[in-house]
Amino acid sequence: MNVVIRKAEAPDVPRMLELVRELALFERAPEEVTVTEEHMRDAGFGPDPVWVGWVAEVNGTIQGMAVCYERYSTWKGRRLYLEDIIVTEHARGHRIGERLFRTCAAYALEKGYSGMLWQVLDWNVDAIRFYERFGAAMDPQWINGSLGTEQLEQIASK
């Protein structure tokens, strides 16, 4: 199996979005993916990119990806946030996820970030084991919060 990890490029976005949808299906939330190709392309490759990514090509076809962005902590400084590592189901078991994860770690060091963090669903034991293999600390203390556009509009209008 010939696997090439390379920096994502704008023409990769349609396939990357397919992988995002595959992940959403696995995470039992396919209706939650609302981003469009155009938005994803602009956010990664437009005039003010907010994410950086890598793709894993297997025999010339994208079978995996990683997307990260910079996050700032008032306690730790600049850190890399790993939004997603996705490897399509039939390509798993070939250490593609590990290679993507190592690429993200190397990028964090290259940029001088103080660390890297991510989220994982508590029921995704395979993902938890994957990260623990690297010596990652899995923190059960923090609860994630979020607001959607509708809530933001309500808050901002008052």
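**From one leucine to the whole fold**

Tutor: Neighbours within four places in sequence aside, leucine 80 is in contact with Cys68, Tyr69, Cys104, Tyr107, Ala108, Tyr113, Gly115, Met116 and Leu117. Contact here means heavy atoms within 4.5 Å. Keep in mind that this is a predicted model, in which local features need pLDDT of at least 70 and side-chain atom pairs count only at pLDDT 80 or more, while totals for chains, interfaces and linings use all residues. Residues are numbered from 1 along each chain as its sequence is written, and side-chain values use heavy atoms, with hydrogens and water left out.

Student: What makes a group of residues a nonpolar core, and which members of the largest one touch the most others?

Tutor: A nonpolar core is a set of buried Ala, Val, Leu, Ile, Met, Phe, Trp, Tyr and Cys residues joined through side-chain atoms within 4.5 Å. Buried means under 20% relative accessible area, exposed over 50%, and partly exposed in between, with a 1.4 Å probe and protein chains only. The largest nonpolar core has 24 residues, and Trp54, Leu80, Leu82, Ile96, Leu100, Phe101 and Cys104 touch the most other members. At least two residues of this core come from each of S2, strand S3 (61-73), strand S4 (77-87), helix H3 (96-110), S5 and helix H4 (125-132). H3 gives the largest share, 6 residues. There is also a second, separate core of 15 residues, with Leu23, Ala43, Val55 and Met65 among them.

Student: How do you know what counts as a helix or a strand, and how many of each are there?

Tutor: Both are DSSP runs numbered from the N terminus: helices are H or I with at least four residues, strands are E with at least two. By that rule the protein has 5 helices and 5 strands. Along the sequence they follow the pattern β-α-α-β-β-β-α-β-α-α.

Student: Why is the protein called as compact as a globular one of its length?

Tutor: The radius of gyration is taken over C-alpha atoms, and the globule rule is 2.2 Å times the number of residues to the power 0.38. For 158 residues the rule gives 15 Å and the protein has 16 Å, which is close, so the protein is as compact as a globular protein of that length. Its C-alpha atoms fill a box of roughly 55 × 35 × 35 Å along the principal axes.

Student: Which strands pair in the sheet, and why are S1 and S5 called edges?

Tutor: Two strands pair if DSSP finds at least two bridges between them. The sheet is open, has 5 strands in the order S1-S2-S3-S4-S5, and shows mixed pairing. Strand S1 (3-7) and strand S5 (116-118) each have a single partner strand, so one side of each lacks a neighbour in the sheet.

Student: How do you know that the buried residues of H4 line one face?

Tutor: The buried residues of H4 are Ala127, Ile128, Phe130 and Tyr131. The arc is that of the directions from the helix axis to the C-beta atoms. Here the buried residues fall within an arc of 155°, so they line one face of the helix. They pack against S4, H3 and S5.

Student: Why are arginine 28 and arginine 95 called exposed?

Tutor: Arginine 28 has 61% relative accessibility, so it counts as exposed. Arginine 95, with a relative accessible area of 54%, is exposed too. Arginine 28 lies in the loop between helix H1 (13-26) and helix H2 (37-45), and arginine 95 in the loop between S4 and H3. Phi is positive at arginine 28, near 65°, and arginine 95 has a positive phi of about 65° although it is not a glycine.
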